[in-house]
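Let's take a walk through this structure together, one group of contacts at a time.

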Amino acid sequence: MENVTTMNEFLLLGLTGVQELQPFFFGIFLIIYLINLIGNGSILVMVVLEPQLHSPMYFFLGNLSCLDISYSSVTLPKLLVNLVCSRRAISFLGCITQLHFFHFLGSTEAILLAIMAFDRFVAICNPLRYSVIMNPQVCILLAAAAWLISFFYALMHSVMTAHLSFCGSQKLNHFFCDVKPLLELACSDTLLNQWLLSIVTGSISMGAFFLTLLSYFYVIGFLLFKNRSCRILHKALSTCASHFMVVCLFYGPVVFTYIRPASATSMIQDRIMAIMYSAVTPVLNPLIYTLRNKEVMMALKKIFGRKLFKDWQQHH
């Protein structure tokens with residue numbers, strides 16, 4: 001298809017057109033972004049530096065923290081700039097690049113959450129063979145597969161969107177570049193793009209979600225019918241509870257946004273959902289994991305305790 005794009009940039013309408021609310025939103029999202037950087041950055045440092053966290057579960061948790069930092073960084077810095085600037089333009093190339101990395105990192109997180117659920121399934125249901133099944137090579141292979149599959153999935157969306165003809169309005173009804181609002185501005189046939197968005201995106205997100213649920217249901221069934229121990233069941237569920245909370249917070253808004261067809265009324269709801277999975281969820285991930293995980297809390301105290309001791313030695 002010949003690309004006859006007649007515009008070099010788009011204008012992001014942002015979260016609100018009310019000028020008085022923009023400083024408020026700027027403060028809120030700046031705090032959210034800083035908490036995300038500090039929280040996920042701390043987990044990443046702990047996983048790398050603390051030997052007791054060198055296990056498959058924390059290897060994947062480190063990947064998740066890296067993803068959350070990158071995922072928010074795709075949209076929030078541009079949003080913050082647009083909240084304090086009168087001109088909210090983004091170049092055509094910048095828009096396609098943002099779209100690519102948003103779907104690349106989002107899809108990687110969806111697959112990674114399913115891998116983390118499988119890791120917990122093996123650890124609880126087959127503990128004697130856990131170190132054999134989830135050996136370092138397998139962990140690296142699973143993580144690499146998640147990143148690689150997601151890269152080509154996002155490349156599909158970015159290439160297909162870039163080849164559309166945009167000859168209408170420049171105003172993008174969103175606070176970042178995404179496929180659905182861009183399809184609304186296209187003046188060429190978007191049927192294939194819409195089909196790919198619903199079928200391929202839906203298959204990846206729903207497939208990963210069902211695999212995650214299947215892992216947890218099997219864990220609960222295994223503990224109930226094989227062990228018949230309430231104490232063991234409670235311990236296992238408390239271990240998985242934090243992960244399951246992350247899963248619900250992430251998959252819920254994603255499924256709500258991309259499974260439905262685009263419409264004028266749905267774009268407001270899509271913006272709210274996008275805030276949930278691109279800004280709020282990455283902030284909650286480190287809080288959920290650290291507050292509900294004794295090993296992470298102990299490692300955090302150990303690292304910061306070691307640092308405080310070194311500082312005390314330097315001053316005495």
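In this predicted model, α3 passes α5 in a right-handed crossing. The axes of α3 and helix α5, which spans residues 136–162, come within 8 Å and cross at roughly 150°. Look at what lines the contact of α3 with α5 and you will find 16 nonpolar residues, eight polar ones and no charged ones.

Now stay with α3 and turn to its contact with α2. The axes of α2 and α3 come within 10 Å, and they cross at roughly 160°. Angles over 145 degrees count as roughly antiparallel, and so α2 is roughly antiparallel to α3. The hand of this crossing of α2 and α3 is left-handed. Its contact residues comprise 15 nonpolar, six polar and five charged.

Helix α1 covers residues 22–49 and helix α2 covers residues 56–84; the two pack at an angle of about 160°, and their axes are 9 Å apart. α1 and α2 are therefore roughly antiparallel to each other. The crossing of α1 and α2 is left-handed. In the contact of α1 with α2, 20 residues are nonpolar, eight are polar and one is charged.

The protein has 10 helices and three strands. Going along the sequence, the elements follow the pattern β-α-α-β-α-α-α-β-α-α-α-α-α. Of the 316 residues in the protein, 48% are buried.

Take Ile 43, which sits in helix α1. Is Ile 43 buried or exposed? Its relative accessibility is 2%, and because buried means under 20%, Ile 43 counts as buried. The C-alpha atom of Ile 43 is separated by 7.0 Å from that of Pro 286, although the two residues are 243 apart along the chain. At 2% relative accessibility, Val 296 counts as buried. Computed along the sequence, Val 296 and Val 47 are 249 residues apart, yet their C-alpha atoms are 8.8 Å apart in space.

Next, the cysteines. A disulfide is a covalent bond between the sulfur atoms of two cysteines. How many disulfides does the model contain? The count comes to one. The partners are Cys 95 and Cys 177, with a distance of 2.0 Å from S to S. This pair links distant parts of the chain, 82 residues apart: Cys 95 belongs to helix α3 (residues 92–125), while Cys 177 lies in the loop between β3 (171–172) and α6 (179–185). If you look along the link of Cys 95 and Cys 177, the angle about the S-S bond is -115°, and the link is left-handed. Both of these cysteines, Cys 95 and Cys 177, are buried.

Cys 66 has a relative accessible area of 31% and is partly exposed. Cys 85 is also partly exposed, and its relative accessible area is 33%.

The last stop is the aromatic rings. A pair of aromatic rings is described by the distance of the centres and the angle of the planes. The structure holds 16 aromatic pairs. One of them joins Phe 151 and Phe 152, with 5.5 Å from centre to centre and 85° between the planes, and this pair is edge-to-face. Phe 151 is partly exposed, with a relative accessible area of 32%. Another example is the pair of Phe 209 and Phe 210: the ring centres are 6.1 Å apart and the planes are at 40°, so this pair is tilted.

Finally, which residues do ring pairs link into a cluster? The members are Phe 101, Phe 104, Trp 147, Phe 151 and Phe 152.

Conventions: Residues are numbered from 1 along each chain as its sequence is written. This is a predicted model: local features need pLDDT of at least 70, side-chain atom pairs count only at pLDDT 80 or more; totals for chains, interfaces and linings use all residues. Side-chain values use heavy atoms; hydrogens and water are left out. Axes are lines fitted to C-alpha atoms, for helices over the stretch in contact, and angles run from 0 to 180 degrees between N-to-C directions. Helices (H or I, at least four residues) and strands (E, at least two) are DSSP runs, numbered from the N terminus. Angles under 35 degrees count as roughly parallel, over 145 as roughly antiparallel, 65 to 115 as roughly perpendicular and the rest as oblique. A crossing is left-handed if the near helix is turned anticlockwise from the far one by less than a right angle, and right-handed if clockwise. Ala, Val, Leu, Ile, Met, Phe, Trp, Tyr, Cys and Pro count as nonpolar, Asp, Glu, Lys and Arg as charged, and the others, Gly among them, as polar. A disulfide is a pair of cysteine sulfur atoms within 2.5 Å. Buried means under 20% relative accessible area, exposed over 50%, partly exposed in between (1.4 Å probe, protein chains only). Rings of Phe, Tyr and Trp (its six-membered ring) pair if their centres lie within 6.5 Å; planes under 30 degrees apart count as stacked, over 60 as edge-to-face and the rest as tilted.
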